[in-house]
Amino acid sequence: MFESLLFAMLAGIAIGCALGVVFHRNPVHCALLLVGVLLSVAGIFILLHAQFVAALQVIVYAGAIMVLFLFVVMLLNIKGETPLLTPGAAKAFGFLFALIVFVELIWTAVEPAPEGQGMPQALPLPSDFGSPAALGRVLYTVWLYPFEITSILLLVAVIGAVVLAKRKFF
Amino acid sequence: MDLATLIEAVVKVHVVLGFVLLGVPLIVWMERKVLGHMQDRIGPQRVGPYGLLQTIADGIKLFMKEDILPTQADKVVYFLAPGISVVTALAAMTVIPFGDSISLFGREIPLRITDVNIALLFLLGATSMGVYGIVLGGWASNSKYPLLGGLRSSAQMISYELAQGISLIGVIMITGSLSLNEIGRAQEKLWFIVPQFFAFVIYVVCSVAETNRAPFDLAEAETELVAGFHTEFSSMKFALYFLAEYANMMVVSGVAITCFLGAWHGPILPGPLWFFIKLTCFLFFYIWLRATFPRLRYDQLMAFGWKVLLPASLVNLAATAVFLTVKG
């Protein structure tokens, strides 16, 4: 009861903030509302006993990436003068794609799963579920290769950024 | 949750809050007094014995001052920004252990508000949210100097956060836990400053930068930016920024003590008392730094963070990992 109440509250804040991100004219306010979305999603992670993921969500997304967003918005000094709706074809395409994603989501939610492929029975959680130790163990055994490949991908991105920034030396 | 647990939690929250709110004027007084003596002056001495009540008087003065709202300011964000600074600083205080547990009225009472198993990450999260208070304060004032101060501090804090976080990983690897309580307990025999000396040095340098204190106080460099991000703030909003800065000093000192300087452990005297002695020494060190070093230039600051501290912390991390693996 208490948990579902908390979930409703956090989900409500997340949705409200997300709508604000889309409809607010001032880019700094939009960025702040996005921080609100990220924080309430972190709260939902905690409700799911995934404290480690919640902490990373706050540190990485809300604490680092969004600060850089704000940094750029402030540096470029974008004023809230851009029109709310882009005209013509862009608007039509945006509407179309949003509709497709919406229908797809509704479809997966409504359609009954084929025999034997439904949602698995809920198992009791292991006692250390969501703890850094448990997550680390899975990450470095089961998902070792995807993890290493991701790290190489990030390294490539870093080097690419440096090369782009220092182009005048080449 | 029974009534006793609730009462215990409420009492602890109030004790810690009171400790911070009373501690901040004392630190400010200590800073002015120590700085005064280091600069061959006397420092405050008129209000109360040894000028002890000077900061209280200043606080009352700030309360009474007019709260000025710049006409071009973004009202909501301008109002929110100092609050964010204070809330994140106080939130970080909740996980710092002041001592082991004590028995009172037949209950085992741990001397911290809460002990979550990701305490250290919670702390880093809270400090990383603290950047917003300064950045938004600078932006919402809608004035040149605060904006520059806010931009500087956002870049500075993000850069130094990395090395700060990585320098703490060595300690986490030794204890195998993110709980500050466990880390504190593990240092009964040997303080972690001994095996993790370089990490300690990196952490201290980064924490000075994180709290925007001299010699890293680029966000409010008076000679070039008037007062940086809080130029336009007056009255209690300014006081809140002031409070947040000193509360943040207490937080980073508390983490340094818990992770490197043996937490509450020490001979003869009880645990919490040792914690407060260490805290006072650390804050004195902070003030000493301010009196000693001139402010860095901005490009020097960024180069130092990225080209010296970050590689050094990574080398320390790798060395610790190799050592722990070889030792088994």
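Predicted model: local features only at pLDDT ≥ 70, side-chain atom pairs only at ≥ 80, totals over all residues.
Residues are numbered from 1 along each chain as its sequence is written, and chains are lettered from A in the order in which they are written. Local features need pLDDT of at least 70 and side-chain atom pairs count only at pLDDT 80 or more, while side-chain values use heavy atoms, without hydrogens and water.

Select chain A. Chain A holds 6 helices and 0 strands (DSSP runs: H or I of at least four residues for helices, E of at least two for strands). Of its 170 residues, 22% are buried, meaning under 20% relative accessible area with a 1.4 Å probe, protein chains only; exposed is over 50%, and partly exposed is in between.

Go to chain B and select Glu31(B) and Arg213(B). They form a salt bridge with the closest N and O atoms 2.7 Å apart (a side-chain nitrogen of Lys or Arg within 4 Å of a carboxyl oxygen of Asp or Glu). Glu31(B) is in helix 1 and Arg213(B) in the loop between helix 7 and helix 8, 182 residues apart.

Glu245(B) lies in helix 9, and both Arg213(B) and Glu245(B) are buried.

Last, select Lys237(B) and Asp67(B), a salt bridge at 2.8 Å, N to O. Lys237(B) is in helix 9 and Asp67(B) in the loop between helix 2 and helix 3, so the pair ties together parts 170 residues apart in sequence. Lys237(B) is buried at 11% relative accessibility; Asp67(B), at 42%, is partly exposed.
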